[in-house]
Amino acid sequence: MVEHINPIAETASETSAAVDASVANSSTKVNLLGMSEAKLIAFFETLGEPKFRAVQVLKWIHQLGADNFEDMTNVSKSLRAKLNLCAEIRAPEVIKQLDSADGTRKFLIRVSGGNVVETVYIPEGDRGTLCVSSQVGCSLDCSFCATGKQGFNRDLTAAEIIGQVWIAAKSFGQLAVNGPRAVTNVVMMGMGEPLLNFDNVVDSMNLMMHDNAYGISKRRVTLSTSGVVPQLDRLSQYTDACLAISLHAPNDELRNELVPINRKYPIAMLLDSAQRYIADMPDNHRKITIEYTLIDQVNDRPHHAHELAELLRDVPVKINLIPFNPFNLSNYKRVSNNALRKFQDILIEAGYIATVRTTRGDDIDAACGQLAGTVNDITKRSERHRARFEETQPIKIIG
Ligand code: SF4
């Protein structure tokens, strides 16, 4: 594992306060980083500028990685001066970059309020997948997820979400003339439930797919939800990205335990909504990705696999099996290799495409379900969870 620390951020103990102060001082300026093309055009209209100026600036930011207006050589001097007075391009700050032996790269990104979110880049052959966070922590409390145990602080802004793509692409030299295409896929599967931060997530995903921004194919941008059905029902009006469902259980009784939002929006309601979403897509061969985290002795038995096969019988899906990745403060264990293989075989025999997600970046705690960041938890759930966990341990944890 290679660790890169931003020396400026790490040497000053008051960095967090300084960052917050700078955010406050610059709050009178409009941050253009998270603006959709439509919002940017509207902003330039308020300056009395034509639409094409917005498109020029959009390209400078997202295709060439500009973080100041002086670099924008095809924008007139007078407009650059105007923009300097009222606008800025401000990405969140990378405080640490961790490189795994397997090529996975994790960014620890400071956002205001002393919070840190995590973004993970996973290279695989000619693909580079970026796992992007949408919230600081998560207000849902899935029992197998490190983020859920951290509690919740706030939604990320659109600039903080698309900023993660901007940061990763820039770190691989992508945002330059003829730069390599490093980020080929994006999954909204990092910290947070994307559909609970609907507007900012939609704006950011649309920038990822926009030809004047990152230009990633709609088949390579995926939103993953644990099942916020009312928001999923609205989604097709705003985007045509791919959809993944965090299912993790073949029946409501078990899913109520693993994914508590299921008590409000049970499986049948969720699958109906997901099917309506793909039915609304212009291309009609879409499949829903079903994510199923396999936890030893919890949801990994052959009868669970048979029940899952039956449940999804009439739903166009591909199934992604994810071996549970252990984290501190969790009693769950990783599925055994035998159980994993058997579970997969049952699904394949039943006619499904069932793949196993390879664990990547576990030497830097970047594997699926392990993202935690630093969350100033306003829900106090992290304290309650830690106390509950300690009660179950034979030896007391100190520190
Ligand atoms: S799995 Fe997703 S929705 Fe559930 S707690 Fe973790 S981040 Fe939130």
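The crossing of α7 and α8 is right-handed. The model on screen is a predicted one.

**Aromatic pairs**

The count of aromatic pairs comes to six. To inspect one of them, select Tyr121 and Phe172, whose rings form a tilted pair, 4.2 Å from centre to centre and with 35 degrees between the planes. Where do these two residues sit in the chain? Tyr121 belongs to strand β6 (residues 115-124), whereas Phe172 lies in the loop between α7 (158-171) and β10 (185-188). The pair thus links distant parts of the chain, 51 residues apart.

**Helices α3 and α4**

Next, select residues 37-46 for helix α3 and residues 51-62 for helix α4. Their axes come within 8 Å and cross at roughly 130 degrees. This angle is why α3 is described as oblique to α4. In passing α4, α3 makes a right-handed crossing. To show the contact itself, display Glu37, Leu40, Ile41 and Phe44 on the α3 side, and Lys51, Arg53, Ala54, Val55, Val57 and Leu58 on the α4 side. Coloured by class, the contact of α3 with α4 shows seven nonpolar, no polar and three charged residues.

**Helices α12 and α13**

Move on to helix α12 (residues 302-311) and helix α13 (residues 337-349), which pack at an angle of about 25 degrees with their axes 9 Å apart. The helices α12 and α13 are therefore roughly parallel to each other. Their crossing is right-handed. Which residues make the contact? Select Pro302, His304, Ala305, His306, Leu308 and Ala309 of α12, together with Lys342, Phe343, Ile346 and Leu347 of α13. The residues of this contact of α12 with α13 divide into seven nonpolar, two polar and one charged.

**The ligand**

Finally, select the ligand and display the residues that surround it: Cys138, Leu140, Cys142, Cys145, Gly148, Gly192 and Ser226. How does this shell divide by class? Four of its residues are nonpolar, three are polar and none is charged.

Technical notes:
Residues are numbered from 1 along each chain as its sequence is written. This is a predicted model: local features need pLDDT of at least 70, side-chain atom pairs count only at pLDDT 80 or more; totals for chains, interfaces and linings use all residues. Side-chain values use heavy atoms; hydrogens and water are left out. A residue is near a molecule or strand if one of its heavy atoms lies within 4 Å of it. Ala, Val, Leu, Ile, Met, Phe, Trp, Tyr, Cys and Pro count as nonpolar, Asp, Glu, Lys and Arg as charged, and the others, Gly among them, as polar. Axes are lines fitted to C-alpha atoms, for helices over the stretch in contact, and angles run from 0 to 180 degrees between N-to-C directions. Helices (H or I, at least four residues) and strands (E, at least two) are DSSP runs, numbered from the N terminus. Angles under 35 degrees count as roughly parallel, over 145 as roughly antiparallel, 65 to 115 as roughly perpendicular and the rest as oblique. A crossing is left-handed if the near helix is turned anticlockwise from the far one by less than a right angle, and right-handed if clockwise. Contact means heavy atoms within 4.5 Å. Rings of Phe, Tyr and Trp (its six-membered ring) pair if their centres lie within 6.5 Å; planes under 30 degrees apart count as stacked, over 60 as edge-to-face and the rest as tilted.
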